[in-house]
Amino acid sequence: MGHNGGSGQFQRLSLLGVTAWCLFVMGLYFWPAGTLLDRFEWRTVDWRFQLRGPLAPNQTDHKITIVAVDEDSIRALGRWPWPRKTFARLVDKINRARPERIVFDVFFTEHDTSADGPASDAELVRATRAGGNVYHAGFIYHPASGSGPTVPPDVAALAWNDAQVKRGSGLAVVAQLIAPEAVTLPLPDIARAARGFGVANVLDSGDGIYRHLVPLITYQGKVYPSVALALTADLLQVKPADVVMTPGRGISLGGQRHLPLDMHGRLLIDFIGPDHTFEYVSVADVLKRSDEANREAFRNGIVLIGVTAPGIYDLRASPFATVYNGVEAEASAIEAMLANRFIRQPSPLLTALLLAGLIVLFGMLLPRLRTAAMTPLALAVLVAYPWVGIVLFTRHRVLVDIVNPTLAMLGSLLIIVVLRLLIEEKRRHQVQTILRYFVPPQLVGRLVEQEAQMTLRGERRDTSVLFADLRHFTATAEALAPEDTVAFLNRYFGLMHEVIWEHEGTLDKYMGDEIMVFYNAPVAQPDHARRAVMTAIDMQRRISANQAEWEYLQVPDVSAGIGIATGQAVVGYVGSEVGSGTARMQYTVIGQTVNLASRLQALCKALGCRILISDGTYQAVAEMIEAQDLGLVPIPGFQQAVRVWHVLDYKQEALRGQWGPVGTPIAVPTHAQTEHDAV
């Protein structure tokens, strides 16, 4: 096919097709709503995380420990929710260990409803203020009413009012910061007493996996950070006035950190590993063990308090696991911010330029190459690009889009190959049109493949031959109008033809109401015996399933006998010579195997069976079917008796049945009886 690659028409069509396809993929890439391709892309991100593997958490500067409200804690301290004074006691206990910061991933957005609720709330406010290092969290949500509550003025006053918001440029001009419909922040007294507060939401990427952090939000004209961002800015001593936010670009924390934001205002979390990568300590253990023991665990570190008890805990699917504690997602985000470890995505413009480059490579260069050079080059690019994407992520934390460019390359290559095949097929058709003037049509395809000599002389090969014949149809047809007979036969043959084609049999001929089929020619089929037996069973199933239709066609009792034999036969074209003036030839199979299959089909009637097979066939399919050994049966035209098997059903339970009762064979007839029945 390579000699067609240099044609001007082929090159023009290739460039046009590749350009259209790449522009289509580019449109899907920039489509504002999520697509199936986006889901595939995120799955490749998970795959890249897993290839990179877990990272070791920081054990020195800002060590993060999770204090968990687990089952042991609930058994020790009582049913959930706990009164606020319990958390106040926990804060006091942890602070005696001198941690750097305490961060709550438990929301105190409503007043305590216990018996001494106001006093309990006041106790938590006291512990928060006394510690001077406690952060509290709120959350964003989408209320059913479509509008959320107003943030109290004294809480709104604590927002990052001095933070700067710049307008994005280029493709990022349409980017936005997250602007939720509603936000619930900590109670005013708790918010004022805390060292800081913010939202603690991790977002679903659109496929059920939570990969993104809400780094900050704009709500009612004010900017509120996430707990992770507020904590990081505090530890870096960055004031809100030094924070610069650029939608679609990132968040600058006084030049010390630059958090990348996507076009939707989200931050992709660099997950440190699967669940329990960070150190966990039970609340119950913290409260009961000594201050010295707690000091060993918490001193100069960051303590996150979250809920992990079954039934009340915050479960999220992450790139590493389908079961992942939400508090650990917050821990990964804080760890990444403090370590200045972010996953960065190139500008969407870079992906657009890459897709445009593929138009040049696949649309202009490849069509000029011969097939022998084009195929390895295209495959090399297809393999190299995902590998580069994996290396960039695992070694440099750069996340490039893999799915869209790969799809563009695959589609482009397919377009080129199809166009090349169509041109080759057109050439072949022209050759075949010329050959039809000189040789029978059945030979043309083989002649084009340079197998004419073997086809004309025939070849001996193993084959399986199937004969299927309707029972009692001759008498039934006499009672039908000729057009009704033809209508029934057309429908019956059509259904049987579908079954034969499903199992890739070669339909030899129709003989009245009889069908002849063979396998393993002209295409080699090592499992030809299995195909033949499966065809027979599916024929019987199709006949049984269409009983209502047979009744409508006035042939209510449709049944068929099928015989199959496997063995050597001669396959090739048989007919008149071309020089005789009547070029009439047929591709067929001849030999004793054909005669045996025909005799077995006739024997079905005498034995009351639906499918009979030869011993050669049975040996090839014995592991697949259940069959009854009818022993050595005298067959007309054969000097010695032949072992015959009655097919009962598949052995595999899921495939059994669905083709009517099999029936019980009668006693094997004598040689004289079989001679009479065959006639």
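Buried means under 20% relative accessible area, exposed means over 50%, and partly exposed covers what lies in between, with a 1.4 Å probe and protein chains only. At 25% relative accessibility, Asp-291 therefore counts as partly exposed.

What you have above is a predicted model, in which local features need pLDDT of at least 70 and side-chain atom pairs count only at pLDDT 80 or more, while totals for chains, interfaces and linings use all residues. Residues are numbered from 1 along each chain as its sequence is written, and side-chain values use heavy atoms, with hydrogens and water left out.

**Salt bridges**

Let us stay with Asp-291 for a moment. A salt bridge here is a side-chain nitrogen of Lys or Arg within 4 Å of a carboxyl oxygen of Asp or Glu, and the structure holds 35 of these salt bridges. One of them joins Arg-96 to Asp-291. This pair links distant parts of the chain, 195 residues apart: Arg-96 sits in the loop between α4 (84-95) and β2 (101-107), and Asp-291 in helix α10 (residues 291-298). Helices (H or I, at least four residues) and strands (E, at least two) are DSSP runs, numbered from the N terminus. Arg-96 is partly exposed, with a relative accessible area of 40%.

| Residue | Partner | Closest N and O atoms |
|---|---|---|
| Arg-96 | Asp-291 | 3.2 Å |
| Glu-549 | Arg-491 | 2.6 Å |
| Arg-542 | Glu-502 | 3.3 Å |

Glu-549 forms its salt bridge with Arg-491. Glu-549 lies in helix α20 (residues 547-552) and Arg-491 in helix α18 (residues 482-502), so this pair ties together parts that are 58 residues apart in sequence. Both ends are partly exposed: Glu-549 has 26% relative accessibility, and Arg-491 has 32%.

Helix α18 also holds Glu-502, whose partner Arg-542 lies in helix α19 (residues 528-545), so that pair ties together parts 40 residues apart in sequence. Glu-502 is partly exposed, with a relative accessible area of 49%.

There is also a network of salt bridges that links Arg-43, Asp-46, Asp-207 and Arg-211. Asp-46 belongs to helix α2 (residues 36-52) and is buried, at 7% relative accessible area. Contact means heavy atoms within 4.5 Å; leaving out residues up to four places away in sequence, Asp-46 touches Ile-209, Arg-211 and Pro-319.

**Nonpolar cores**

A nonpolar core is a set of buried Ala, Val, Leu, Ile, Met, Phe, Trp, Tyr and Cys residues joined through side-chain atoms within 4.5 Å. The largest such core has 54 residues, and Ile-251, Leu-253, Ile-302 and Leu-304 touch the most other members. A second, separate core of 42 residues includes Ala-477, Leu-495, Ile-613 and Tyr-618. Beyond four places in sequence, the contacts of Leu-304 include Ile-64, Ile-66, Val-103 and Val-327.

**Aromatic rings**

A pair of aromatic rings is described by the distance of the centres and the angle of the planes. Rings of Phe, Tyr and Trp (its six-membered ring) pair if their centres lie within 6.5 Å; planes under 30 degrees apart count as stacked, over 60 as edge-to-face and the rest as tilted. The structure holds 19 aromatic pairs. Tyr-618 and Trp-645 form a stacked one, 3.7 Å centre to centre with 10 degrees between the planes. Tyr-618 lies in helix α22 (residues 615-621) and Trp-645 in strand β26 (residues 642-650), so the pair ties together parts that are 27 residues apart in sequence. Tyr-618 and Trp-645 are both buried.

Thr-617 lies in helix α22 too, and counts as buried at 0% relative accessibility. Thr-617 and Val-533 are 84 residues apart in sequence and 8.3 Å apart in space, C-alpha to C-alpha. Not counting residues up to four places away in sequence, Thr-617 touches Ala-529, Val-533, Ile-564, Ala-565 and Thr-566.

Phe-473, Phe-488, Tyr-492, Phe-493, Tyr-510 and Trp-550 form one aromatic cluster. Leu-470 is found in strand β19 (residues 459-470) and is buried, with a relative accessible area of 4%. Leu-470 and Glu-514 are 44 residues apart in sequence and 6.7 Å apart in space, C-alpha to C-alpha.
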